[in-house]
Amino acid sequence: MFRQLQNIDSAFRHIRAFSLLFLIACTIVSCIAVYLSYEQVQAAQERIYVLAGDKALEAFSTGRRENIPVEARDHVRIFHHYFFTLDPDDQVIEANMRKALYLADASAKRAYDNLHESGYISGLISGNISQEITVDSVQVDTGQYPYYFRCYAHQKLIRATSILRRSLVTEGYLRSVSRSDNNPHGFILERWTTLENKDLHTQNR
């Protein structure tokens, strides 16, 4: 009888140890499964698919810090495009300037006012002159905030009888702001100045 009780007690201890080990194993497996599921969900959220015609293109999300140089250069390009693309139409000029001034601080507004006061804008309209700009390169220093930039470009002034080409070099700083429809990159140009704006050559039409 005593030996039978010992066997029952030993069996109970074995069952308890097995149950405990089984519970620990289940807990470990459950934790691993939850962790792997979380990792897969995170990976899925960083990946989207864009439909282009009949093709599904995979796109990946990245943090803004990785894209700052690209977005900063594009912000500077877009600002210069709107500010210096001028046609002999006051409504077109005002529309472009309105878009440009959303991307910069008061330094750009002062430059626009100076163009108005000097008669440059009215001269374009009265002379039926179109002005175009091509940005050659934009250098941005992201090592220190606000980010310093320098823009190298050339302008083309199209007159009835000639085309004047000019070089343009500007500089300034970029400060981060909230993104919006008017400012999709979330930057503001500050202390924007023109370092060089000189005639290169004239071509007869």
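Across the whole structure, a search finds 6 salt bridges, a salt bridge being a side-chain nitrogen of Lys or Arg within 4 Å of a carboxyl oxygen of Asp or Glu. The model is a predicted one, in which local features need pLDDT of at least 70 and side-chain atom pairs count only at pLDDT 80 or more, while totals for chains, interfaces and linings use all residues. Residues are numbered from 1 along each chain as its sequence is written, and side-chain values use heavy atoms, with hydrogens and water left out.

**Overall layout**

- The protein has 5 helices and 6 strands, taken as DSSP runs numbered from the N terminus (helices H or I of at least four residues, strands E of at least two).
- Along the sequence, these elements follow the pattern α-β-β-α-α-α-α-β-β-β-β.
- Of the 205 residues, 26% count as buried, where buried means under 20% relative accessible area, exposed over 50% and partly exposed in between (1.4 Å probe, protein chains only).

- Lysine 156 forms a salt bridge with glutamate 132, with the closest N and O atoms 3.6 Å apart; because lysine 156 lies in strand E4 and glutamate 132 in strand E3, the pair ties together parts that are 24 residues apart in sequence.
- Aspartate 199 and arginine 166 meet through their side chains in a salt bridge of 2.9 Å, N to O, and since the former lies in strand E6 and the latter in strand E5, the pair ties together parts 33 residues apart in sequence.
- In that pair, aspartate 199 is partly exposed at 46% relative accessible area, whereas arginine 166 is buried at 16%.
- Arginine 175 and glutamate 190 also form a salt bridge, their closest N and O atoms being 2.5 Å apart; this pair links distant parts of the chain, with arginine 175 in strand E5 and glutamate 190 in strand E6, 15 residues apart.

- Aspartate 90 is found in helix H3 (residues 90-101) and counts as partly exposed at 42% relative accessibility.
- Asparagine 128, in the loop between H5 and E3, is exposed with a relative accessible area of 55%.
- Asparagine 128 and aspartate 89 are 39 residues apart in sequence and 8.5 Å apart in space, C-alpha to C-alpha.
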